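Biologist: Could you take a close look at one part of this model for me, and describe how its helices pack and what surrounds them?

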Amino acid sequence: MIHRSSDAMLAESTELPGPSSSSKPLLLRLQETLTSCSRLIESGDDDQSKETVSYLVNFLDSVSDAAVSKPENEDAKNNALEVLSETYRFLCSPSMDQSVIDALSFELPKPVSKFSAVSSECSEFARSIINQFIETSSPRDMLSILCEALASLSETFKSTACVSPLVSGLSKVILSIKRRHFEQVKVTIPVIIMALKTMSLESDDDITELENLFETAIGVADSIHSVSVKLEGIASEKLCALLGLYILGLYILQAKALVSVSPTYELSSWLPMTSKLASFLPYCGLSYLGLITGSDVDQMTKIVLEDDEDDYFSYLSNVNLGASLSVIWGQISDEVSQAAKEDLNVVKDELQNNQAKRWQAIGMLRHIFSSCDLPWELKRHSIDFLFCITNGNNSRKLDDEDSDCSCYITSLFSALQALTVVIIYASDSVLRRNAFEAIKRVLADIPTSQRFDILKALITNCDSSSMIAILLDLVREEMRTERSQRTSIETDEVSKDNNKACQTTLFWSASVLELVEFILRPPKGGPPVLPESGDAVLSALNLYRFVLITESAEKTNYTGVLSKDKLQKVYNEWLLPLRTLVTGIATENKSDHDQLAIDTVCALNPVELVLYRCIELVEEKLKHST
């Protein structure tokens with residue numbers, strides 16, 4: 001970042017002769033154009049001055065484009081540097097009329113920023129030119145000018161180097177604003193966030209250049225902070241809230257940039273920058289507990305958001321994701337949590353002991369689990385954090401009668417659904433196993449009265465046959481647990497009351513057969529698609545067999561599985577059509593010896609085995625049914 005003294009040094013070191021003595025045609029052309037612009041603007045000839053300024057912009061674009069398109073051409077680079085330095089020398093002239101500065105400040109920031117892609121020297125001059133405009137023009141005008149240039153340039157010119165001078169300029173302008181700070185910054189932040197997002201996802205620049213851009217963006221946060229500490233009351237509170245939301249937006253973009261620019265990039269390499277972001281949290285009144293439960297985000301949103309601005313935070317992406325990430329970075333590094341002035345162990349203890357806040361935290365973590373453009377490493381650390389707050393199987397110690405998670409059920413379902421996606425797509429086997437364990441822990445933390453409905457929703461909204469099989473196995477395990485509890489109650493005379501007896505038949509109901517039917521006789525009609533749905537079909541058959549055998553052995557009929565009508569329906573509508581399908585596929589592939597046919601037959605063998613056992617059991621029951 002170049003200070004005024006550096007700008008002056010640049011001006012002195014790049015003094016060039018006037019138009020009459022220049023020996024270079026390119027510089028002569030520039031000098032003549034600048035002189036013409038100055039003369040026409042001062043004379044008040046609007047039409048001619050606009051035309052000449054437009055010519056100047058096109059001229060500058062042609063010089064920068066020539067240097068960028070041929071990076072090996074040293075002459076083009078030198079031309080770019082000389083043109084930019086001469087432009088800066090011209091703007092620094094003590095005799096420059098303010099009307100000329102004002103007119104050029106509207107048009108030149110964007111074209112001079114493009115020169116930053118040529119070389120670091122050009123980037124320094126671009127920053128100096130923008131700084132010169134900031135120092136000599138209206139801050140409010142420069143804010144809108146730089147925002148417009150940044151929005152336009154980031155959409156058309158995918159170079160972090162070109163964007164950086166404009167972001168740096170905005171950090172300086174914010175310091176120069178004299179009034180209506182909140183309103184001005186509120187307009188600026190979405191523009192910066194969108195530019196960073198575009199650069200993170202679409203730029204071909206290397207990670208170092210992107211790091212430099214983020215450092216510049218953090219400079220904007222420094223400026224907002226500097227202004228905020230000088231304000232008082234509601235003005236300071238609103239600007240502070242806006243700063244907090246900006247920081248959370250940077251957390252998101254930083255994490256996504258890790259994947260888009262370098263998928264193998266080490267998280268530890270960004271710890272210094274992340275620590276800097278974390279250092280803003282205490283000033284903004286943001287705590288890890290408030291961030292991971294979402295309460296701080298809600299508070300900031302209320303302060304910043306007006307009634308008619310429902311779409312404002314679309315520019316900031318998902319701030320809840322940023323809130324979750326800010327805490328997980330503290331899980332990754334003590335350095336980051338110390339910068340945030342937080343003790344993460346205290347936060348974990350609070351979440352372990354407060355079920356409502358734990359549900360809120362799980363709901364917030366879903367934003368990390370469900371994001372498809374975050375590093376898997378961040379998801380691993382998020383699951384580790386979930387393990388910490390569910391340590392000790394909290395839910396098994398809770399009384400379901402006093403637990404109601406109805407208001408959290410949507411976010412808990414989304415968290416579980418996001419974890420299933422991790423299991424399906426993660427390449428690392430340890431991460432997949434941990435995600436499965438996380439699912440079991442979250443389910444265990446949900447009251448039994450609502451656990452079955454959650455599992456049913458997960459199964460009916462899943463497209464993966466293997467994942468459906470895993471979820472059906474979880475249903476079976478819940479039924480085993482419920483059966484054990486029922487047996488315990490029946491042998492404990494003190495506990496034989498109707499309420500608890502009801503609590504132990506929540507999974508042992510007709511609903512479980514509806515799940516089996518959903519797989520074996522899909523809603524769209526006909527038998528399931530095989531072998532694609534083989535895993536789900538096998539698990540559904542095993543679940544049905546388990547229910548049938550258990551109800552028969554214990555002489556109960558909680559699920560209705562032993563009813564004659566149900567047995568007949570299962571036999572005619574589920575099992576026989578499935579047998580016809582399996583037999584047909586086996587016959588078609590029996591004579592083929594290619595690998596696909598062999599794999600198909602092998603995949604269907606276990607399905608066929610369990611299917612015929614189910615048919616035998618049903619036929620036996622039908623013989624003795626009355």
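Modeller: This is a predicted model, and I begin with a pair of helices, H16 and H19, which are roughly perpendicular to each other because angles of 65 to 115 degrees count as such. Helix H16 spans residues 319-332 and helix H19 residues 355-370, and the two pack at an angle of about 95 degrees with their axes 8 Å apart. On the H16 side, the residues in contact are Asn320, Leu321, Ala323, Ser324, Leu325 and Ile328, which meet Met364, Leu365, His367 and Ile368 in H19. By class, this contact of H16 with H19 holds seven nonpolar and three polar residues, with no charged ones.

Another packing pair is formed by helix H26 (residues 510-520) and helix H28 (residues 564-590), whose axes lie 11 Å apart at an angle of about 25 degrees. That angle makes H26 roughly parallel to H28, and H26 passes H28 in a left-handed crossing. Here Leu513, Val516, Glu517 and Leu520 in H26 meet Lys566, Lys569, Trp574 and Leu578 in H28, and the residues of this contact divide into five nonpolar, no polar and three charged.

Definitions and conventions. Residues are numbered from 1 along each chain as its sequence is written. This is a predicted model: local features need pLDDT of at least 70, side-chain atom pairs count only at pLDDT 80 or more; totals for chains, interfaces and linings use all residues. Side-chain values use heavy atoms; hydrogens and water are left out. Axes are lines fitted to C-alpha atoms, for helices over the stretch in contact, and angles run from 0 to 180 degrees between N-to-C directions. Helices (H or I, at least four residues) and strands (E, at least two) are DSSP runs, numbered from the N terminus. Angles under 35 degrees count as roughly parallel, over 145 as roughly antiparallel, 65 to 115 as roughly perpendicular and the rest as oblique. A crossing is left-handed if the near helix is turned anticlockwise from the far one by less than a right angle, and right-handed if clockwise. Contact means heavy atoms within 4.5 Å. Ala, Val, Leu, Ile, Met, Phe, Trp, Tyr, Cys and Pro count as nonpolar, Asp, Glu, Lys and Arg as charged, and the others, Gly among them, as polar.
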